[in-house]
Amino acid sequence: MAGAKNHDYHILAPDIWPFIGAASALTFTTGMVFLMHSDTMTGWQVILGLGIAGLIATFWGWFSKIVNEAQSGDHTPVVQLHMRYGMILFILSEVMFFVGWFWAFFDFALFPAPLQMIDEGMWQNMLGQDGAAMLAVFPHEGLHVIDPFDLPLINTLILLCSGTTVTWAHHSLINGDREGLKLGLWATIALGVLFTAIQAYEYLHAPFGFGGSTYTSAFYMATGFHGFHVLVGTIFLIVCLRRAYLGHFTPRQHFGFEAAAWYWHFVDVVWLFLFLSVYVWGGWGAEIH
C-alpha cells in the first residue's frame with residue numbers, strides 16, 4: 001500500500017513551533033541585551049516580555065504535542081532509545097556548562113593574576129578609592145563568607161533526600177505502584193521548593209554582593225545557575241506529577257518521567273561539587289558570617 005508505514009521511526013509532520021521558538025529566543029536575547037544597556041536603550045521591557053511569553057508558549061505548545069505523540073503510540077522502542085540518547089547528550093552539554101564555571105572558579109583561586117599584570121592606571125584608580133577596590137585583587141582580605149555548615153549543609157541534605165524520593169517514585173512506577181509514584185513525586189517537588197526557598201533566604205542575607213571580587217562573582221554565577229536548574233527540574237517534576245494523575249506513565253513506557261529523574265540526579269551531583277568546592281574549600285580560612 002502506497003504511503004504505508006513500514007518502519008519504527010516517527011516522522012514528524014511540519015510544525016510552526018520550532019519557528020516560533022527560534023523567533024522567541026532571538027527576541028528574548030535581544031531584550032536581555034537591551035536590559036544590560038537600559039541607560040541608552042528604551043523599550044526593552046516590551047521586547048523582553050514578548051520573548052519570555054513566546055518561549056513559555058513554545059514550551060506549552062510543543063511539549064503538549066510530544067505528550068500527545070507518546071500517548072498515541074508514536075514513541076516506539078526505537079524512538080524512545082533515540083530520545084534517551086538526546087537526553088544524555090543534553091545533560092552532557094549541561095555538565096560542560098558547569099565545567100566552565102568550575103574552571104573559572106579554580107583558575108581565579110589557584111592562579112591569581114600577578115601584580116605586574118595590573119596596569120599603572122588601574123593602580124591609580126584603585127588607590128584613589130580608599131582601597132575599596134583592593135578586594136578585587138585580594139578577595140580574602142576583609143571578606144566574610146557564608147558558613148558552609150549552616151544553610152548550605154541543610155540544602156545539601158535536602159537535595160540528597162530528594163534524590164532518594166525521586167528514585168522511590170521511579171521504582172514505584174516500574175513495579176506498578178501508582179500511589180508510590182505520586183507520593184515520591186510530591187515529596188521530591190516539596191524538597192525542591194524548600195531548597196529554592198532556603199537559597200533565596202541565603203542570598204538575601206549573604207555578607208557580600210555580586211561584584212567586588214572574583215570569588216563573589218563566581219559564587220553567584222555558579223550557585224545562581226544551579227538554583228535556576230533546580231527551578232527547571234522542579235517544573236519538570238510537576239509536569240510529571242500531573243501526567244501521573246492522568247495515568248500517562250506505564251512500567252514499560254515512561255520516558256518523560258525517566259528524563260526528569262535523570263535531570264534531577266544531575267542537579268544533585270552538581271550541587272555536591274558546588275558545596276565542596278565553592279562553599280567549603282573556597283571559603284576555607286576566611287571569616288565566617
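Analyst: In what follows, contact means that heavy atoms lie within 4.5 Å of each other. The model discussed here is predicted.

User: In what pattern do the helices and strands of the protein chain follow one another along the sequence?

Analyst: The protein chain holds 8 helices and 2 strands. Read along the sequence, these elements give the pattern α-α-α-α-β-α-α-α-α-β.

User: Among contacts between residues at least 6 apart in sequence, what percentage join residues at least 24 apart?

Analyst: The protein chain has 289 residues, of which 36% are buried. For its contacts between residues at least 6 apart in sequence, the share that joins residues at least 24 apart is 77%.

User: Which helices do the buried residues of α3 pack against?

Analyst: Helix α3 covers residues 77-110, and its 34 residues reach 48 Å from first to last C-alpha, close to the 50 Å expected at 1.5 Å a residue. Its buried residues are Val 79, Gln 80, Met 87, Ile 91, Glu 94, Phe 98, Phe 102 and Phe 105. The helices against which these buried residues pack are α7 and α8.

User: What is the angle at which α6 and α8 pack?

Analyst: Helix α6 spans residues 178-204 and helix α8 spans residues 255-281. The crossing of α6 past α8 is left-handed. The axes of the two helices are 13 Å apart, and the packing angle is about 35°.

User: How far apart are the end C-alpha atoms of helix α5?

Analyst: Helix α5, residues 151-174, has 24 residues. At 1.5 Å a residue it should therefore span 34 Å.

User: Which residue with a positive phi follows α5?

Analyst: Beyond α5 there is a residue whose phi is near 75°. That residue is Gly 176.

User: Is Ser 172 buried or exposed?

Analyst: Ser 172 lies in helix α5. Leaving out residues up to four places away in sequence, Ser 172 touches Asp 177, Gly 180 and Leu 181. Its relative accessible area is 6%, under the 20% cut-off, so Ser 172 is buried.

User: Which residues is Pro 251 in contact with, leaving aside its neighbours within four places in sequence?

Analyst: Pro 251 belongs to the loop between α7 and α8, and its relative accessibility of 42% makes it partly exposed. The C-alpha atom of Pro 251 is 9.3 Å from that of Asp 177, although the two residues are 74 apart along the chain. Setting aside neighbours within four places in sequence, Pro 251 is in contact with Leu 173, Ile 174 and Gly 176.

User: Is His 248 buried or exposed?

Analyst: His 248 is placed in the loop between α7, residues 214-245, and α8. Apart from neighbours within four places in sequence, His 248 is in contact with Val 67, Gln 71, Arg 178, Arg 243 and Gln 253. Its relative accessible area is 18%, which is below the 20% limit, so His 248 counts as buried.

User: How far apart in space are His 10 and Asp 74, C-alpha to C-alpha?

Analyst: His 10 is in the segment before α1, which covers residues 17-36. At 22% relative accessibility, His 10 counts as partly exposed. His 10 and Asp 74 are 64 residues apart in sequence, and their C-alpha separation is 5.9 Å.

User: What distance separates the C-alpha atoms of Trp 44 and Met 32?

Analyst: Trp 44 is in helix α2, residues 44-71. Not counting residues up to four places away in sequence, Trp 44 touches Gly 31, Phe 34, Leu 35 and Ser 38. Met 32 is 12 residues from Trp 44 along the chain, and the C-alpha distance between them is 7.6 Å.

User: How many disulfides does the structure hold?

Analyst: Cys 161 has 41% relative accessibility and is therefore partly exposed. Cys 240, at 2%, is buried. A disulfide requires a pair of cysteine sulfur atoms within 2.5 Å, and the number of disulfides in the structure is 0.

Definitions and conventions
Residues are numbered from 1 along each chain as its sequence is written. This is a predicted model: local features need pLDDT of at least 70, side-chain atom pairs count only at pLDDT 80 or more; totals for chains, interfaces and linings use all residues. Side-chain values use heavy atoms; hydrogens and water are left out. Helices (H or I, at least four residues) and strands (E, at least two) are DSSP runs, numbered from the N terminus. The expected span of a helix is 1.5 Å times one less than its number of residues. Buried means under 20% relative accessible area, exposed over 50%, partly exposed in between (1.4 Å probe, protein chains only). Axes are lines fitted to C-alpha atoms, for helices over the stretch in contact, and angles run from 0 to 180 degrees between N-to-C directions. A crossing is left-handed if the near helix is turned anticlockwise from the far one by less than a right angle, and right-handed if clockwise.
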